[in-house]
Amino acid sequence: MDQDQTCPCGSGTTYGGCCGPLHAGAPASSPEALMRSRFSAFVLKDVPYLLRSWHPETRPKDLDLSDAPDWTSLQIFSSEQFGHEGSVHFRAVFRERGQWGYLEETSTFYQQDAHWFYHSGRPEQGLLKPGRNDRCPCGSGRKFKACCLTRKD
């Protein structure tokens, strides 16, 4: 991804000033920063980063994103940090087979050797049914009818 493009995590900053350095190996400053970088990694299908940022206790041996949905936006509801532990409550929106859906989770993070790691969470998924005048779930900020309503996948 171009370093000057807007970061997929929704921070409003550039990829080079947000998640790009973390993907290149810099440590995340907080559980929320790690969560945002992991969302961007899912958007970019950066499997090596996702595995590196996963806590060794819960890390899968491999990760196949070939059938992953198109992740479109991230909303952070809350983020907490207590010493070397933290949590982030988020909702990630995706588009798959012409439908909008979401994954919502409160994730647990642990810090070891100055690096934060995703440990676990209990995801809940559901479908979104935006109305014509609702904000588009893609994260553009535009009304659904003026953005993705007519888009066919």
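Two strands pair if DSSP finds at least two bridges between them. In this predicted model, strands E3 and E4 run antiparallel and are joined by six bridges. The two strands form a hairpin with two residues between them, and Asp113 in the turn has a positive phi of about 50 degrees. Within this pairing, Gln111 stands opposite Trp116 of E4.

| Partner of E3 | Direction | Bridges |
|---|---|---|
| E2 (residues 85-96) | antiparallel | twelve |
| E4 | antiparallel | six |
| E5 (residues 124-128) | antiparallel | five |

E2 and E3 form a hairpin as well, with two residues between them; here Arg97 in the turn has a positive phi of about 50 degrees. Ser87 has Thr108 in E3 as its bridge partner. On the E5 side, Gly101 stands opposite Leu127.

Thr106 lies in E3, which spans residues 99-112. Thr106 is partly exposed, with a relative accessibility of 44%. Beyond its neighbours within four places in sequence, Thr106 contacts Ser87, Val88, His89, Ser120, Gly121 and Arg122. Ser120 is 14 residues from Thr106 along the chain, and their C-alpha atoms are 8.6 Å apart.

His119 lies in E4, residues 115-121. Its relative accessible area is 13%, so His119 counts as buried, the cut-off being under 20%. The side chain of His119 makes a polar contact of 3.0 Å with that of Glu57. Not counting residues up to four places away in sequence, His119 touches Trp54, His55, Glu57, Thr58, Thr108, Phe109 and Tyr110.

Definitions and conventions
Residues are numbered from 1 along each chain as its sequence is written. This is a predicted model: local features need pLDDT of at least 70, side-chain atom pairs count only at pLDDT 80 or more; totals for chains, interfaces and linings use all residues. Side-chain values use heavy atoms; hydrogens and water are left out. Helices (H or I, at least four residues) and strands (E, at least two) are DSSP runs, numbered from the N terminus. Buried means under 20% relative accessible area, exposed over 50%, partly exposed in between (1.4 Å probe, protein chains only). A polar contact is a pair of N or O atoms within 3.5 Å; within protein, one must be able to donate a hydrogen and the other to accept it, and residues adjacent in sequence count only if both atoms are side-chain atoms. Contact means heavy atoms within 4.5 Å.
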